[in-house]
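Have a look around, then read on.

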Amino acid sequence: MKNGRSYKVATLAMCVAAAMLLSFVESRIPTFIPVPGVRIGLANIAVLFALYRLGLPSAAAVSLVRVIMSALLFGNVAALIYGLSGAVLSLLSMYLAIRFCRPLGTVGVSVTGGVMHNAGQIAAACLLMGTGVLYYLPVLIISGTVAGVLTGLLCGELLRRTEKTPPEPPGYSRGK
């Protein structure tokens, strides 16, 4: 039953696990652009999936757990501050985009989230280090857009593939 509590808990757990796995994979990918904060954002696939399938509170839980665990495992306190500021702004902007701009689709929503994640990180950096970091913003907007397209396409495909009901195994009959 897709609407049951067990389904929701299991889906939420899978989203958290997927987000952590994707964060780990991404932490091992070398960055070719020498600008701090430029990442693909693979874990956003799990957050966006949770947002579409489970709603804002569950997506917020996935995002919060991922940011905290990633900072503890792969980063530091600064990573936590930047990650939280970016994740909060990203999630809220994606939620608003889904709610009020339906025609955007998963790619448009993901691009919105990617760009706003970087904007949140720049805002945190400005508070911590001053406005001198604003020169990173154009590169981060471009990278957020490119990463958003990639993660949006992947999430869209994941949503399409999980919407279909799997076929019943051979020899299975429903209560007959």
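Q: In which helix is the place of Ser143?
A: First, a bit of background: this is a predicted model, where local features need pLDDT of at least 70, side-chain atom pairs count only at pLDDT 80 or more, and totals for chains, interfaces and linings use all residues. Residues are numbered from 1 along each chain as its sequence is written, and side-chain values use heavy atoms, with hydrogens and water left out. Helices here are DSSP runs (H or I, at least four residues) numbered from the N terminus, while strands are E runs of at least two. On that count, Ser143 sits in helix H6.

Q: Is Ser143 buried or exposed?
A: Buried means under 20% relative accessible area, exposed means over 50%, and partly exposed is in between (1.4 Å probe, protein chains only). Ser143 has a relative accessible area of 11%, so it counts as buried.

Q: Which residues does Ser143 touch, not counting residues up to four places away in sequence?
A: A contact means heavy atoms within 4.5 Å. With those sequence neighbours set aside, Ser143 touches Val38 and Asn118.

Q: What is the handedness of the crossing of H5 and H6?
A: H5 covers residues 105-129 and H6 covers residues 137-163; they pack at an angle of about 145°, with their axes 6 Å apart. Those axes are lines fitted to C-alpha atoms over the stretch in contact, and angles run from 0 to 180 degrees between N-to-C directions. A crossing is left-handed if the near helix is turned anticlockwise from the far one by less than a right angle, and right-handed if clockwise. For H5 and H6, the crossing is right-handed.

Q: How are H1 and H2 oriented to each other?
A: Helix H1 (residues 5-27) and helix H2 (residues 44-53) have axes that come within 8 Å and cross at roughly 160°. Angles under 35 degrees count as roughly parallel, over 145 as roughly antiparallel, 65 to 115 as roughly perpendicular and the rest as oblique. H1 and H2 are therefore roughly antiparallel.

Q: Which residues in H2 do the H1 residues meet?
A: On the H1 side, the residues are Thr11, Cys15, Ala18, Ala19 and Leu22. Their partners in H2 are Ile45, Ala46, Phe49 and Ala50.

Q: How many helices does the chain have?
A: Read along the sequence, the chain follows the pattern α-α-α-α-α-α. There are zero strands, and the number of helices is six.

Q: What percentage of the residues in the chain is buried?
A: The chain has 176 residues. Of these, the buried ones make up 38%.
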